Amino acid sequence: MAVSTADHAAVADPGVALAAARARRAAGRVLVTLARSVAIFVPVFLVATFLTFALRALSGLSPASIQLGESATPDAVARIEHQWGLDRPFLAQYWSWFTDILHGQLGASWSNGTNIAELISNGLAISLSVVTLALIIGVVFGFGLGTLAAVRRTTWIDRAITGFLTVFSVMPPFVVGIVLVTVFAVGLGWLPAAGYVPASVGTWPWFTHILLPALALSLDPMADVARQLRSGLIASYQENYVTGAIVRGLSPRRIFFRHVLRNGVGPALSVLGWRFPTLIGGSVVTEWIFGLQGFGRFANDSAQAGDVPAVQGVLVVSIVLVVTFNLIVNIVLGRVTPASQRGV
Amino acid sequence: MVRRVLALPTGRLAVGILSLIVLLAILGPTLAPHNPLGTSALTLTGPSWEHWLGTDYLGRDVFSRLLAGSRTSVLGSVEVALIALTVGVVPGILSVYFGRVFEWLTLRIADTLIALPFLIYAVAVTALLGNGIPQAMFTVGVLVSPLFYRVARAATLAVARSQYVEAALISGASIGWIARRHVWGKVLPPVAVALAQTIGVGFVVVSSLSFLGIGVQPPAPTWGGLLASDLGYLSYQPWAPAVPALLIMATVWGSNLLADAIRDVSGEAGRALLHSRRARARRLDPAEPIPAGGVAP
Amino acid sequence: GSGSGAGAAAAAGGGGGGGKTATLKWASSFFPAHWDPVVGGSGAQFRILALPYAALTRTDAKGDAVPDLAQSWTYNSAGDEITFHLRPKLTFSDGTPVNAAAVKNAIDRAKSQKNSALFGDLTSIKSVTTSGDLDVVVHLTQVDHQIPLLLGERVLQIASPKAAADPAKLDQNPVGAGPFVVTQLIPGTKVLLKKNPNYWDAKNIHIDNVELVSAPDVSTVVSGLQTGVYNFADLAPSQAKAAKAAGLDVFVQPGFNASNISLNINKEPFNNPKVVDAVRYATNRQEFVDKLTFGYGKPTNQPFPPGYIAYDEKSANLYPYDPAKAKQLLEQAGFKPGQIKLDLVISKEDPAAEIVQSQLAAVGITITIKINKNWATPFFAKDLTLSLYGTTGRDSAAQTLTAHFGPDGPLNLSSPYEPDGFEAAIAKVRQTPLDAPDYPQILQAATRVGLQSKALVFTYSSPNLFVKNKAISALPANPAHIDWTGVTIGN
Amino acid sequence: MSADGRPVLEVADLEVHYGLRRRRRRVLQGVSLSVACGETVGVIGETGSGKSTFARAVLGLVRASGGRILIDGEDVSRYSPRQWRALRRRGVVQYVFQDPLRSLDPDLPIEESLIEPLLVQGVGRKEAIERGRAYLARVRLDSELFGRLPGELSGGQRQRVAVARALVTEPALIILDEPVSALDSANRVGILEILKELRDAGVALIFISHDLGSVAGVADRVAVLYQGEFVEVGDARAVISAPRHPYARLLVGSAPTLRSAAASRAERDALRALLHA
Amino acid sequence: MTRTRSNATVTATVPAARPADPPAAHSPAVDVPAVDPPAVGSGDPPAAQAAVLAVRDVRIRDDVNDREIVHGVSFELRPGRAVGIVGESGSGKTLTCRAILGILPAHFAVAGGSIEIAGRDIARLTTPQWTDLRGSTISAVFQDPASYLNPSLKVGVQIAEVIQVKSGLRRRDARRRALELLTAVHLRDPELVYDQYTYELSGGMLQRVLIATAIAADPQVLIADEATTALDVTVQAEILDLLADLRERRGLALVVVSHDLAVVAQVCDEVLVMRAGEVVEHGATADVLYHPRHEYTRLLIAEHEQYGLDRYLADTDTDTGAGGGGEQRKELDGVR
Ligand SMILES: Nc1ncnc2c1ncn2[C@@H]1O[C@H](COP(=O)(O)OP(=O)(O)OP(=O)(O)O)[C@@H](O)[C@H]1O
Ligand SMILES: Nc1ncnc2c1ncn2[C@@H]1O[C@H](COP(=O)(O)OP(=O)(O)OP(=O)(O)O)[C@@H](O)[C@H]1O
Ligand SMILES: [Mg+2]
Ligand SMILES: [Mg+2]
């Protein structure tokens, strides 16, 4: 008895040590991914912010035309521009803008003088709710459909799914939005047609309010994920290791979930990283339709109003969002397919 | 490649749809029965013999406007795709061969452009720098170019590291030779896929911009613009958006189908697919698409 | 499951009938960017700012000035000094008393604050003094009997001087003495207000809460009302049919909106009066009304709709639609058809531009529509040759006229040009008390002179359209103003 | 032996590293070899000992980190890509890749891959096809296979295509990396006979193989590579029949023959022990 | 008649002389001590002597150009026995193996004949039945081992997976068993290898891992299609030892495809010689390799001998008489 426990301990110990080593290696990998992504992030951020800032100089817009309305005489314009410091040299303006950004200051809106960071954070909760839900819907259904199509490929199921996906993905989001409102809100009365209720008021109202916009937004990523997954899976089915797994007598299900999916999911996941900016962009349209006062609506309103600092703020925030999201995707990707860490 | 695409029913369908659209783009403006800009007192009428698709809010013939708008619309999204193509593919391929500095720079630029949500950026740029389809197209084109950059680069990388390129190198082949003979064939299908996709994206983006009131240059008609303005008069003509929407969808659908078909027939997998189709046609017993293992090896 | 979503929506939208809290849910396309009335200026947002702010005067259904914070006013005999007598014991929502000092502060601020959008409207005012706690004496630069109309809701909403000590803060936290008090404000998107119990006319305000949000796309506004997300909204004329079909009330708020084609006679080809006349004859006003307002608007060739006190019937047919004559005039001016090519610069997409384009094309003038976000800068710098403008009008007709026809009028694209005799005619208007029997004639005479201006071709007057849930009772028909006095929200 | 003494290839003190910084590992060290015209040198050795790396270094596909390589008298160790291209285009060296599947463009019919070296040299297409077919016939490949993609051939068929491609430019030096591993003995003999003919025609060959019989039959000299070093270089028959270095002995001892099985595990373990000692 | 093996480690003493039975009808009386009965319960009585694999006149057709590639291959395999397939490159050896495993490339099909694994006709197998059969009854190892393992899973996990699925062991036990297997295939540091990915291992190591996966569920038949071609002879020797070991201890039956006649001679009891899809000769190894009847076989052997190591080793024996491995070798006691 005693011997056997001792034995057991002796066996267990190296196991624990090994597990620890494994955990350390995994953590190391995450750190490396992180470091690499940050190394990418910094130049991206620099270039993107510069581009963003250059927009104002190129646009020649000024806060005066927004603020002054009918009293926008040239004198008044000059006065306002001076007040905003727009008569300083370009690089000096960029520098102070950039240092402000580093401090989390996005400046004040031209149209209402409010702190842009505050305005954006107001809208962000809404947009992120919608975008996240859209992403979840898109990913869940995209994975389901893509998988089904790949497994049943070249059958009518595959063709039906691919057809369905293309039809849905090619509908402009605003058409989808209006159709959804007409059917589910006005027609069936199941869901509210517009507006937003914060989750603090109640999870269910919150959910019902964001469901339609999220649906409208989810079709595109759904189609894309499904399509990528389908071709990824098909490609991965052609690999020898699948033959190997068949020969070892693993069930088709198991082969699919453990072997094919793992290797075929890469492109679909990296597409997700890509999709995020598109979704954020898409929220411009959906929020405009669904009367949501989110980030996209803010972006559109500011752009339409010619509120350059607000637009710059929007771009900076979206860059940060996208980069963060990509970081997450990269880490997930790294965990799912360690082989992808080689080379590139 | 063309023949292989045409061998697929979906390929034929895609090519059929797209040729119709191209025909429309070429002939559309001359086919228009009415002056697409000519207003009349008959506004927002339903379909009639005189106006097949009714008239719009200014009393213009919708059918004529659709026809007249086809060229601008198609050219617009083709322009997006071509801009993205040139801006993306060339540096994508060169990044593999032009040394580390170039590689690093282009990679960072591509990362940057990816990070910019392009609809927001397109809204920003066109709103701030002036309205007009060309600006919108250019912006969108540049912003989606990383897709091409990545696709081209990945394909080129895979080829560049392959032994058959080394084999060609050992025979004294120049970079140009290798690009023509080995790289091009591998890069082309994914680029074609990306191109077809981008044409679709172009359409959707332009119509979204029009919907937001950006990028339209009245009174010149575009499908996206028509769609967007029709949505404002739903109570008068609830069916009106269907027509431009269908045209847009058909085009995008056609390009996506084409993209899928190209993907399906390119490379080894494509040849295998064609073989199995031929084989199935020969085989008498029809049902046995999946080998006994339950999954295709 | 499925029902509860609708239930939530309905509960949110019901607005509390049956004696519970009455909530106004207003989706506005003109959500104010600024809540400091001095900065906000006199554009369309004043209707919303009128929720938290009150002014010295307001207008009644006839467009006459009636008491608001001031219970009465008196002119001196020369007519260059007016004294407003305030209601006693009123306070702003921060507790500061509404007194003469507060009014003086408001006027001074409007005249001198750096980012004031109002100083152009107040050129008649020389200075303000207080006389006792409740009397405000306004000293004028000229005899001007328009002041009670001028210092109404439109131009002089009065903010608490204490809050206004920090204008930037006021801009996001309005403090006034109006019928409602702002409880929460999310800039650019949403504002919540509750009834102000200390409003002087609080007994006639039957709305407990207001939720004001920025409206979604026109095509979904109606469905928002239908599903109870809103119960009141601005309405695009094209949606009126849908709104009616959905069982909603569509009502036309009387107003004095008027749209025009602005010409710059300092530039080619409008320095040739024949070309200007050609444009005048080429304009078919009825087409604008039919295609843009869906029958809700009226054609007008003056800066206000027909029926308005300043509307000059005698000038109604000044330049009737006559394309043949227009062509002839162009020919006389030496222009062949298609020879004139012009850019029509506008700030955003507008079907009106397409109509102008097609009408001018019919007489041989080729127009290219240019949409320019930066439009305001060249327009107010008078650099454009051809543009469009629509004004919401002013309570004071004299103000409307000077804005369009005066040499420094912001809407006069041909500054410093003015029609002959306009200045004298306007001065006469100002010198005439509003209740003088010949005031309308004098005013219309000024309009007549103004209409000689070659810088403006008026086209049509579009109405202010609103849509509301039937539970909301009818609104008072005060021109251009939205007045919630007496309005109830029931079942 | 037909070696005329003039070296086509001279490798002195070759050193090759793989990887960067922390992952940097030495794969070859102090490798020296000289191959004369008409001489065949066999290279045998353990998996992963660096045989392919040696070949790739000689061909300029990996950069040597030390030592000198002279091809046809030219020092190529510091050649620029342009110089390499000029040298290669002359068709002086050719290489048969170890993995024929990956060294043939999967999208090109094998005939196209085959004539590529000729086309690069500027030979007209028609002539190139003619010459290419002659070589395909020479490696006994059925003419109906010419239009197939590499993926549609059996292992041995692919390998013969790869060999034919190396021969088609008639180079002075050919490095063959496992050219017969996937071939049946009849086809193997065919290839080996071709190699012998080439050798007799004055072509220098480096023949890398696991098949000791083939090496012994074709090579004049044999080099035994073990952990990145040549541990034994000498006359082919002598090395095969009487290996001296423990590894060489292990290698020869491990090979079964038709008539006798390989050495028993115990014997091999003994040799291994000797090796690690 | 019966051959005996002295010990567990394989020595060079492989099959004693056997009567030249007609290959298809091996006498059931032969050898092989204590073999597990077939794991898959079929209707057949559990006779140890029954063929675990019976290939009868299998024809394989290419549907694309509608041609028959393999024209009738037949052999039977009993527990503990090994059959070798040699022959011309492109003659259809790999296709035959794939047909047996039910994994022919897309447009190939078995056009005639039958294949029985453990008494069950594979033509009638459903997918779940196939899944059951593969791994635990029949398994395979191919050339190019790297591509047959999943690049994104640790190799150890892939072995453990088979054990878990096939033997129903729990994760921890499966891991222990996998480590045992890694030790059994003579990998030096099994714990380390367990946690490595394919790209971190050399070809020889991978081939051994692949064999470990293939035998993880104790199959009765193992198909080795050129499994040692890419390996150097020292590694090859170890792998052959391993296979012999498995035959010995578990009664594993082998199908060995190789171009190296020497390997076949060392491992197999029975040989098929194929050429252009045709089996030209079939018989006991000793008969076929040492008394070839068919002309092609003769050619094959002659060609092999031409570059066979024997020549040089024989040289040594006579010339130097010492030094090389030659004199330590035991002659294959085939019929000479
Ligand atoms: N590109 C590379 N990067 C890093 N290491 C490499 C690379 N290529 C080969 N190696 C390593 O270098 C060593 C030598 O490899 P090489 O391919 O030269 O061996 P080999 O002798 O040809 O083996 P085999 O007989 O299996 O072909 C091996 O350990 C291998 O893992
Ligand atoms: N995927 C495929 N597509 C088309 N033909 C094929 C395919 N695979 C094999 N073949 C053809 O089938 C025939 C038999 O091939 P198989 O791979 O069985 O040969 P093999 O005997 O294994 O040869 P080797 O010893 O060279 O590997 C060959 O002529 C080959 O060209
Ligand atoms: Mg090698
Ligand atoms: Mg084979």
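1. Ground rules. Because the model is predicted, local features need pLDDT of at least 70 and side-chain atom pairs count only at pLDDT 80 or more, while totals for chains, interfaces and linings use all residues. Residues are numbered from 1 along each chain as its sequence is written, chains are lettered from A and ligands numbered from 1 in the order in which they are written, and side-chain values use heavy atoms, with hydrogens and water left out.

2. Chains E and D, extent. Here 56 residues of chain E are in contact with 52 residues of chain D, where contact means heavy atoms within 4.5 Å. The two chains bury about 4,800 Å² between them, and 53% of this lies on carbon and sulfur atoms; buried area is the accessible area (1.4 Å probe) that two parts lose on being put together, summed over both.

3. Three salt bridges are counted between chain E and chain D, a salt bridge being a side-chain nitrogen of Lys or Arg within 4 Å of a carboxyl oxygen of Asp or Glu. D:Arg272 forms a salt bridge with E:Glu238, and their closest N and O atoms are 2.7 Å apart.

4. Chain E's side. Among the elements that give two or more residues to the side of chain E that touches chain D are helix H6 (203-215) and helix H7 (233-250) of chain E. Helices (H or I, at least four residues) and strands (E, at least two) are DSSP runs, numbered from the N terminus. The largest share of this side, nine residues, comes from H7(E).

5. Chains C and A. In this interface 43 residues of chain C are in contact with 42 residues of chain A, and about 3,300 Å² is buried between the chains, 57% of it on carbon and sulfur atoms.

6. Domains 1 and 3 of chain D. Chain D is divided into domain 1 (1-92 + 171-233), domain 2 (101-170) and domain 3 (243-277), with bounds that come from an automatic or database domain assignment. The centres of domain 1 and domain 3 of chain D, taken over C-alpha atoms, are separated by 25 Å. About 730 Å² is buried between domain 1 and domain 3 of chain D, and carbon and sulfur atoms give 72% of it. D:Leu212, D:Tyr226 and D:Glu232 supply 63% of the area that domain 1 of chain D buries against domain 3 of chain D, more than any other three residues.

7. Strands in chain C. Strand E5 (residues 70-75) and strand E6 (residues 81-86) of chain C pair in the antiparallel sense over five bridges, and two strands pair if DSSP finds at least two bridges between them. C:Ser72 has C:His85 in E6(C) as its bridge partner. E6(C) is also joined by five bridges to strand E8 (residues 135-140) of chain C, and these two run antiparallel.
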